[in-house]
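Please consult the sequence and the model displayed below while reading.

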Amino acid sequence: MEATNDNLVILEGHFLTLPEFSHELFGEEFYTAEFSVNRLSDSKDILNITISKKLLTDGTDLEGRYIRITGQLRSYNKIVGSRNKLLLTVFARHIDFPEDKADEPNSIFITGYICKEPVYRMTPFGREITDILLAVNRHFNKTDYIPVLTWGRNAKFTKAMAVGDKVKIEGRLQSRIYTKTHGDGSIEEKTAYEVSSSAINLLESVNDTFEEHESVSLS
């Protein structure tokens with residue numbers, strides 16, 4: 001089993017759709033499904049799950065049950081038309097049925113390298129955001145590319161970071177619906193998947209003036 005120290009996701013919620021066959025790799029069958037996780041508000045995050053048939057025990061009824069999924073956040077490229085699209089899915093490694101619900105049903109812990117220049121911006125409501133793209137290594141010479149949003153003080157902290165800096169991120173995995181206007185005036189509703197960070201730790205910096213580890217947590 002691959003180590004998950006640098007990429008760990010823990011979700012609690014319900015399957016919106018029962019897992020359906022997706023593909024087979026080295027003789028192992030994999031299934032995909034949508035998983036609903038409650039936020040503190042009334043909204044929900046609808047997330048993509050990839051799961052091995054080995055975890056789908058015969059006779060186990062998943063419909064309507066409260067489930068905990070532990071795994072990794074994976075990315076892969078899919079060609080849509082003439083463009084590559086980055087898709088994110090939670091690769092399940094364990095499934096169980098907790099009797100008690102966690103205080104935080106959506107947690108992610110990832111360690112990786114900034115692989116794209118951070119983009120600092122302001123929302124229409126005046127909130128500061130910095131977008132970063134994190135390259136997270138896993139076994140077999142593979143890399144997952146994970147978009148991360150940082151907010152407020154963390155946005156100021158990360159906007160000065162450089163490509164190649166190694167950081168540890170804690171937060172939650174979210175889905176966000178947005179609209180895109182095409183050149184012909186048509187409007188398309190789309191869904192973005194990204195990590196909304198709550199804490200950031202700078203582990204290594206390519207900047208020669210870096211002297212010690214720094215950590216910022218949202219209050």
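A residue counts as buried under 20% relative accessible area, as exposed over 50%, and as partly exposed in between (1.4 Å probe, protein chains only). The model is predicted, so local features need pLDDT of at least 70 and side-chain atom pairs count only at pLDDT 80 or more, while totals for chains, interfaces and linings use all residues. Residues are numbered from 1 along each chain as its sequence is written, and side-chain values use heavy atoms, with hydrogens and water left out.

**Salt bridges**
- Nine salt bridges are present in the structure; the term denotes a side-chain nitrogen of Lys or Arg within 4 Å of a carboxyl oxygen of Asp or Glu.
- A network of salt bridges links Glu 12, Arg 68 and Asp 96.

**Glu 12 and Arg 68**
- These side chains form a salt bridge at 3.0 Å, N to O.
- Glu 12 belongs to strand S1 (residues 7–15) and Arg 68 to strand S5 (residues 67–80), so the pair ties together parts 56 residues apart in sequence; strands (E, at least two residues) are DSSP runs numbered from the N terminus.
- Glu 12 is buried at 3% relative accessible area, whereas Arg 68 is partly exposed at 24%.

**Pairs involving strand S11**
- Arg 172 and Asp 45 form a salt bridge, with their closest N and O atoms 3.3 Å apart.
- Arg 172 lies in strand S11 (residues 166–181) and Asp 45 in strand S4 (residues 44–52), 127 residues apart.
- Arg 176 and Glu 194 form a salt bridge, with their closest N and O atoms 2.6 Å apart.
- Arg 176 is in strand S11 and Glu 194 in strand S12 (residues 187–204).
- Glu 194 is buried at 5% relative accessibility, and Arg 176 is partly exposed at 35%.

Technical notes:
Helices (H or I, at least four residues) and strands (E, at least two) are DSSP runs, numbered from the N terminus.
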